[in-house]
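This report goes through one protein chain, from single residues to the chain as a whole. The sequence and the structure come first.

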Amino acid sequence: MKSKSIGILTKPKFPEVKSTVQAVVSWLRSRNIDVLLDTTATTLLGEQGGFQKTHLASKADVLLVLGGDGTMLNAARLAGERGIPILGVNMGGLGFLTEVVLDNLYPSLERMFANDFVLDERLMLKTHVHRHGETVARGVVLNDVVISKGTLARMIELKIAIQGQFVTNLRGDGLIISTPTGSTAYSLSAGGPIINPAVPSLILTPICPHTLTHRPLIVPASAEIEVVLTSKDDGAMATLDGQVGVALTQGDTVEIRASEHMTRLIRFPESSYYEVLREKLKWGDG
């Protein structure tokens, strides 16, 4: 990890962010590490310039994320095809994706530079929205693609196919297509299973289905999923990682499959996925 450039991504909403960014930038520069800052970080530091986030991710060798899971999801999309390693420092709430607590920031950086870490590769989804034979939107996500109804209390109707084979018509509030990483996000709240990220699979979780026999479905990671919006009510959306929304109209097809690129998270050998579950979900408490 010597002579690597580190891009820092953060969100200013966390109270400790300004002091943390100032301290970590000073710490890295004192060790002659090339630090790349986005415009948010330069504003916090009172410096000029700064990269747009997409440009920063295209130049950095490692991304250091100071924030919560939402900032990590953004970083994963920015890393995109480059698949550069990401080290997450939890400054938010639940923190399933962030590896490091703030108190361990500098020891973790020391270990990273000493190559005392492992890379945890996570499956991503690529999504295309087709309308009248044309692609009107596309994106890559780490957690999930959610197809949901609008603000009115009407159900939407979806036609679901896997590998070109018809599966079912679904009436309800929507459908979540998630990765194993995303199994502990919205899918879990909707009754979906927890999938170890090492298991190559996709999860289809109905949201409040009208037919109660509709249940979450786990399919191989190689599966291609097509979801057609068959209802005509306005307001339906496809939401990518909870951060990018695409308005849908009747007849639109949302195509989801595993991306050929992976998110690469920096982990430390002693950390355990099950330990994270116990801590974040409070298993065994009480």
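## Asp103

Asp103 sits in the loop that links β5 (100-101) to α5 (105-113). The model is a predicted one. Asp103 has a relative accessible area of 74%, above the 50% cut-off, and is therefore exposed. Val89 is 14 residues away from Asp103 along the chain, and the C-alpha atoms of the two are 9.5 Å apart.

## Thr20

Thr20 belongs to helix α1, which covers residues 17-30. Its relative accessibility is 8%, so Thr20 counts as buried. Leaving aside residues up to four places away in sequence, Thr20 is in contact with Leu66, Met91, Leu102, Leu105 and Tyr106.

## Helix α4

Helix α4 spans residues 69-79, and its buried residues are Thr71, Met72, Leu73, Ala75, Ala76, Leu78 and Ala79. Among the elements that cover these buried residues are the strands β1 (5-10), β3 (62-67), β4 (86-90), β6 (118-131) and β17 (253-267), together with helix α3 (53-59). After α4 comes Gly80, with a positive phi near 45°.

## The chain as a whole

The chain has seven helices and 17 strands. For 286 residues, a compact globule would have a radius of gyration near 19 Å, and the 20 Å of the chain agrees with that. Along the principal axes, the C-alpha atoms fill a box of roughly 60 × 45 × 30 Å.

Of the 286 residues, 50% count as buried. Among contacts with a separation of 6 or more, 65% join residues 24 or more positions apart. The chain carries 28 positive and 29 negative charges, whose mean positions lie 2 Å apart.

Notes:
Residues are numbered from 1 along each chain as its sequence is written. This is a predicted model: local features need pLDDT of at least 70, side-chain atom pairs count only at pLDDT 80 or more; totals for chains, interfaces and linings use all residues. Side-chain values use heavy atoms; hydrogens and water are left out. Helices (H or I, at least four residues) and strands (E, at least two) are DSSP runs, numbered from the N terminus. Buried means under 20% relative accessible area, exposed over 50%, partly exposed in between (1.4 Å probe, protein chains only). Contact means heavy atoms within 4.5 Å. The radius of gyration is taken over C-alpha atoms; the globule rule is 2.2 Å times the number of residues to the power 0.38. Lys and Arg count as positive and Asp and Glu as negative; His and the chain ends are not counted. The place of a charge is taken as NZ of Lys, CZ of Arg, CG of Asp or CD of Glu.
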